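Hi everyone, thanks for coming. I'd like to walk you through some packing contacts, so let me put the structure up.

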Amino acid sequence: MTQKALKIKENDVVGSINDFLRQLLSSGKIQALLVPQSTPSKKVVYPVLIADPKKLHSDIIAPVLPVATATVVSKLTKVQPPSKPIGVVMRACQIRALVELVKLNQASLSNIIIIGVDCPGTFPINVYADFPEKKTPTHFLLETLLKKTKDADQYLRSACHVCKDPIPTNVDIVLGFYGIDLDKELIVEAHSEIGRELIKDIPLEEITDDKAREKAIKDQREMKDKQRAVFLKDKEGMKGIEKIAEFFDKCVNCHNCRQACPICYCKECLFDSAVFDAEAYKFIRRAENKGLFKLPSDALLFQLGRMNHMILSCVQCGLCEQACPNMIPLMEVFIPAAENAQKEFAYHPGKDKAEKIPMIVYREDEFLEVGEK
Amino acid sequence: MTKKTETIGAVAVIGGGIAGVQAALDLADMGYKIYVLEKSPTIGGVMAQLDKTFPTNDCSMCILSPKLVDCARHQNIEILTNTTVQTLEGTPGNFTIKAVKKPRYIDIEKCTSCGSCEKVCPISLPNSFEYGLVKRKAIYKPFPQAIPNAYVIDKEGDGKNRGCIDCMRCVKECKSGAINHEQTPENLSLQVGAVIIAAGSPPFDPVTKPEFGYRTYKNVLTSVEFERILSASGPTQGKILRPSDQKHPTKIAWVHCVGSRDASVNHEYCSAMCCMYTAKEAIIAKEHASDIEPTVFYIDVRSYGKDFDKYINRAKKEHHLRYIRSRISEITEEPKTKNLNIKYEDDTGDFKQETYDLVVLSVGLCGAGERRNELMDLLGFDANEFKYVRTSPEDPVVIKPGVFVAGSFLEPQAIPESVMQASAAAANAAALLKDSRGTLVKEKKYPLEKDVSTEKPRIGVFLCNCGINIGGYVDVPAVAEYIKTLPDVTFVETNVYTCSEDTQKKIVDAIKKYDLNRILVAACTPRTHEPLFQKSLRDAGLNPHLLEMTNIREQCSWVHMDEPKKATEKAKQLIAMTVAKTRFLQPIQEAEIPVLQKALVIGGGIAGMTAALSLADQGYETVLVEKEPKLGGYLHNVYYTVDGIDIPKLIKQMTEKITKHPLIKVHTESQVKSLNGYVGSYESEIQTPKETLSFTHGVIIIAVGANEYKPHTYHYNKDPRVLTQSELEKDLSVLTKEDIHDGETFVMIQCVESRDEKRPYCSRICCMQAVKNALKIKELNQRAEVFILYRDLMTYGFKEKYYKDAREKGVMFLQYDPEKKPEVDSKNGLIVKVHEPMIGDQLRIPADHLILSTGLQPNPDNPLIGKLLKVPVNDDGFFLEAHVKLRPVDFSTRGVFVAGNCHIPKFINESIYQAQAAAARAATILCKPTLKAEPNVAFVDDDLCSGCSICVSVCPYNAIERVEESKKEKTVIHAKVNEGLCQGCGTCVSACPSSAIQQRGFKDKQLLPMIEQLTKTK
C-alpha cells in the first residue's frame, strides 16, 4: 500500500477532492468516473457518471446514500463490462455489496477502479434534504463528526450508528480522513498496482503522521462496537412469530425495501409475480377456513421470504430501512438476523471475492444436529 | 430382403445373483433376448441376504432391489426360477440348453403377493433365507423384495420337516385364484447364442470344522447368519441378540479364515472378501449397540481394495475393533452361561484364553461346491486345482468359445469384481452375437398420443384394495365416495388389485369410455408400479406423464393398522392432495438425444487396448489415444507373471489386433486436448504429433493407467543395491543361474511409503509382485536367500497358492508392525533390522540387495482429465466410480467409463475384465440411435432468470450452464439446462431464489395446490 497526502487548499475539502478527481479523469487513464454529485436543487446527491472533467462537482463525503451504489455498478457492468477502465467512488458497505453481487454474477469488476471513501456515516435522505441545522450537512459533518464532537450522531441512520466497518476494503484507491487533520490534508492510499499507476502523476505529498490514522480507525471501531453491543442487546427479545408479526404490522407490502436492497437481484420478485394471484373464491374459501382473512395476505411472507433469500449476503447498509415509507426500523431485525445467520456459516459477506456464498458450498459436517445422527 | 444371421440373438444367464442380474441387464439393454435360469424361487442371490456393504455401509438390499425390479420389468428378460440346467449342446452362436423348471404351484401373473395364503398355511419350516434362524410357512415368499414378486409352495420340505400337506386352505383364501397345486415340472429347451455362467458359490458350512463348535454351541454363528441378525428385516429386526438366551451380547469375537486358507478342508485359497465384511459387521454391530466390544482373530487383514485400508483404520481408531493376529485352535462352551472360550496363541508365542458372549465365524464364499461341481460336470468344464472353473488370465471370463463366466462361480470375490466380470461376460457375448443383435427382441407399438394439454381436466381415479393390505384397514368405498366430490374428478373405481393385468384393461377402457385425460392411481409405491400404469396410459393414447400415484399402502394402511378410522381419513387427504396436483399435470416429452455410435478410449495400456478391441469387436468405431509412442502402457514394465502370461507376446498380439482392426484408429504420442458435449454426442480435439484432429463420439472410456512410485527412503537412489520391485523384476528377467550365488540375500520390504498417512491406500499388486520375484530368485538359485518383510500379505483368492509355494521354497516371511518399521544400515554392507515379536528383539539381516515394494501411484494428470470429462477423482488421485459396489466402471456422469490402474492398481486379468466391462457398459449406450433424457428435467424461465448461477454451482450433474444470448438485439444472460445431462434431482429448483428454474412434473403450480389442499380446514 502506498500512502500519500492530498493538501487541502483554501480550507475547501470538497473542492480539493474534486481537483484530485478531475486530475484522475483528465489523465486519460480512466474514461469516466461514477461519483456522488448534487442534484441541481442541492437537496440530495446521486451517483452520476461523469465523462467530462468540467462537469465534475461531486460531494463524495456528503452524508447521504439515496440509492445503492452497488446496484448502480451492477447495472453498469452486468450485461457487458466497460472496455476501458472507469472509476467508481463508493462507501465501504456498498463495496461489500458489490463483492456479493460479483459472486452472484450480477456485476463485473473488469475495468472497474474502485475508489473507496472513509465513511463517517450517512443521514436519512429526508434529514439530508431538509437539514435542520444552519450549515449544509457536509459542512456540519466536517465540523462536528470529524472533529470528534458527537453532535452529528443524532442524525445518523441506525445502520450507520452501529456500522462496524466504515473503512473501505477490496479497493484500488482510498480517500481517507480518519486520523487526519482535515484542515490541512486528506489521505490518498493506493491499494493495487493500478491504483498506484493512477495516482502516480498527480501531485501528492508525503503524509505527516502515519500512525494517527491507524489509531483513529481503531478508536472508531471500538466506539462502534460498543454502540453495536448495546443495540444488539436491546433487540434480544425479537423472537417468535408473534413478535415478528407485530414488528411488521406497519408493512403495506410496497416492496420498496427490496427495491432499495443492493443484494435483492431477482429480475422479478416472486412476490411481485402472479404466483399469489388467485380466483375470488379461493380468497373467500380462505376467509371461510378461519372466519377471516387479512389482505394483502403475503406481507409477512414477503418479509421473511426476502430475508431468507438475502440475509447471508446482507452487508447491513440499512437502505431497506431508509426506503420504508412507514419507518419500520428494519435494522432491528435484519442486523441480528444477518449476524446470526452469517455466523452459522462462518461467512463474511463482501470480505473476499474468493469466499463462496454458503448456498453453493456443501460441507458434510454442517448442521449435524438438524439431521440424523 | 432380411439379413440372414447365423447366430442366435439370445443369451442364457445361469444364476440370478448380482453377477447374473448385471449380465442380464447389460445384454438386454443392448438388444438381446435373455433367459435367466435360477435354481431357487427368486433372483437376488447372496447379496440379497447381506445387511450392509463395505466400504460405504450402504444397505445391501436397498441398492440391489432396483436392479432386481429392472430385471423383472425388462421386456427382453425372461426370468425362469426353480429352474435347473440339464444339458448344453451346440456351437458358439448356436447352443441348445435343456432345463427343468420345477413347479412353483403359483401363477406368478395372478399372484399379487398379498400374503393371505401364508396366514392360513398350517405348515412351518426353517426359513432358509434367514439361514434357519426363524421359521416360514410351506407357502411363502422368500423375502419381501423377491423377484418374481410372488409366493411359492414348498412341497418337499427340508428332509427333517415335511412340506405342503395339500390341505388346500391357501386355495380357498386366495382371492385372485393364483394357486394351482396341480402344476407339474416343465421341460425347457432354449435356443441361445451364448451362455453366461453366474451360478455363484454358497457360503462355507463350518459343520465340517468341529473345533469351532458350529451347530454344537448355540452362540457360534456364521458371518452370513450374523448379517441377518444385523438386518432390520431379519429375524431379530436388527436387534443384536444371541441365540441361546435372546440376550444382548457385548463381547463378540470374529474368527477369520473359517473354511478358507485351510488345507484341512482342501481350501488352500483365500475367500477374498471376509476380512472386509468382518470389519463391516463389527462396525455396524457397534452402531446398533455401542457397548459391543468387538475382537477379530486374524492372520492377515487383506484390505487390498479401493478405500479398504482407510475403512480398516477407521474400524480400529473410531470403532475400537481389537485385532489379534492368531489362528485360533479351539472354541469351547461354558455349559451354564453358554459363553464361549477361545484359546489362541498370541504373536509372542504365549497361549491365552478369552471368554466371549458370541462368536462369529467369518466364512468364505467357498462352500462345499456341490452345485458348482455338478454344473461343471454337467457342462463339461475344465477345473483348476481348487475345483473351480479354469479360465486363462488373458481371457479371464471365457470358459470356452461362447460360454462365459462371472462372479463367485469363478473365484471367491466381492461384489464389484462380480459385477465387472458380469459386464465383461456380456461384452464377450455381445461381440460373438453382434450380427444377431436386436433380432429376437420386439419393440412395443403404442397408439398416437392424444393432445389433451388444453383440455379441462377429466380425472379418473383408481383405488386399490391390495387384497386386504389396504382394504383391510382403510374404508376404500368411503374414500371413493369422498373422492367423487372433488373438483374435476370424472370417474372413480375401486379394484381388488389395481396392478393386475385385468385392471390394466379396465383402465384403458375407462380412459376411452369416459374421455379421461388425467389418471390417479391410489395404491402402493410408484417406485415399483409407476411404469406399469404409465404403460396403460400409453396403451390408451395418453401421455404417460399424465399419471399420478398416491401411496396409501406403505404410507397409510401399513403404518396405521391399529387406527382404521384415522387411516381412512388420512387416505382421503392424501388422495385429495394428489387430485389437486393431478388437475395441473401436463404432458412431458422426453428429449431424444442422438447417439453417435463411436467411442473414444484414452490410454493404450492393457485396459485401454482391451476396451478398444471389445468395442470394435462389438461393431463400434473406436479411437484409441495413447500419449507414449508405443501401445502397452505399464505392461512394458512387466517381464513375467506367476500365472505364465507371455507379456511380450501379449503386447505384440494386442497391438497387431488393434492396428489391423478396421474399426479402430490409434493415435500414439497423442493427447485429448479438449472435450465438449455430453453422452451421445461428444466432440474432442486430439493433439497428435502432426496435427489437431477433431473426433465426434458417443462415449468415453478412461484407461490412463498408473506408475510405480519411486521412494525417498531406505537409501534408494543413493545405494545401487537398493531397487524397487519393478527394477528387480527387470534385472531378474535377464539373469541366469550363474548370476546369483549361493546364499545371496534379497530382503524385500513391503508397503514402503504406502498405506501411511501420505499414501493411505494399498496398491494391491505389490505383495504378489514380491512373491513372484522371490519365486523367480528361488527358481534361478534355490540356495539364494529371500526375506519378505510385510504388514499383511495381500495374496487374496487363488493367489494364496503362490504365497504357500514361496514359503515351501524357503522364502522367509516376517511380519512387521507399521509402528516399528524396518530400519536399514548401509555403512558396512546392507543390514536390515526388523523387530521380531517372537524373540522380542530386533533381527539383523545382512543383505546383498534391498528391494522396496512401493506400489503404484496415480497419473498426476488425473484431476485435470477429471475436470475435462466432468468426473471425480478420490483423495488418493484415482478416478472415483459412480458406486463402488454396483457401478464399478460407470461414472455418475453418463457416457464416461473407467478401467484399469487409473481406477485402482490391479492385476492384468483384472484390468482385462474391467476394460471389457467398461466396453459393455458403453455399448448399452452405443447400441441405440437415440437416448431418452429424463422426463422430469429442470427448465429455465429466461425472463425471470438473473443469471446468478447458483443453480450452476449446486447441480451435481454439471447439467446447467450460464449463457449469453441475443434477444431482440439485447444481450440476455440466463441459465440453460442441458436435458441430456439433467437427472431431475430438483436441487437447482430449491436453490433458485427467483423461482426461475422449475422441474417438469414438480412445478410450483403443481405442488402449491397440494399444500393448499392439505392445509384447508373443512
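This is a predicted model: local features need pLDDT of at least 70, side-chain atom pairs count only at pLDDT 80 or more; totals for chains, interfaces and linings use all residues.

Let's begin with chain A, which splits into domain 1, residues 2-232, and domain 2, residues 241-360. Taken over C-alpha atoms, the centres of these two domains of chain A lie 29 Å apart. Where they meet, domain 1 of chain A brings 24 residues and domain 2 of chain A brings 20. On the domain 1 side, α2 (69-77), α3 (92-103) and α6 (158-161) of chain A supply at least two residues each. The largest share of that side comes from α3(A), with 10 residues. By class, the domain 1 side holds 16 nonpolar, four polar and four charged residues.

Next, the two chains. Chain A puts 15 residues into their contact, and chain B puts in 17. On the chain A side, that is eight nonpolar, five polar and two charged residues.

Now over to chain B and two of its helices, α15 (residues 606-617) and α21 (residues 908-926). How do they pack? Their axes are 8 Å apart, at an angle of about 40 degrees, so α15(B) and α21(B) are oblique to each other. The crossing of α15(B) past α21(B) is right-handed. If you zoom in, α15(B) contributes residues including Ala607(B), Ala611(B) and Ser614(B), and among those they meet in α21(B) are Ala915(B), Ala919(B) and Ala922(B). This helix contact has 11 nonpolar residues, five polar ones and no charged ones.

That's my tour, and I'm happy to go back to any of these views.

Terms used
Residues are numbered from 1 along each chain as its sequence is written. Chains are lettered from A and ligands numbered from 1 in the order in which they are written. Domain bounds come from an automatic or database domain assignment. Two residues are in contact if their C-beta atoms, placed from the backbone, lie within 7 Å. Helices (H or I, at least four residues) and strands (E, at least two) are DSSP runs, numbered from the N terminus. Ala, Val, Leu, Ile, Met, Phe, Trp, Tyr, Cys and Pro count as nonpolar, Asp, Glu, Lys and Arg as charged, and the others, Gly among them, as polar. Axes are lines fitted to C-alpha atoms, for helices over the stretch in contact, and angles run from 0 to 180 degrees between N-to-C directions. Angles under 35 degrees count as roughly parallel, over 145 as roughly antiparallel, 65 to 115 as roughly perpendicular and the rest as oblique. A crossing is left-handed if the near helix is turned anticlockwise from the far one by less than a right angle, and right-handed if clockwise.
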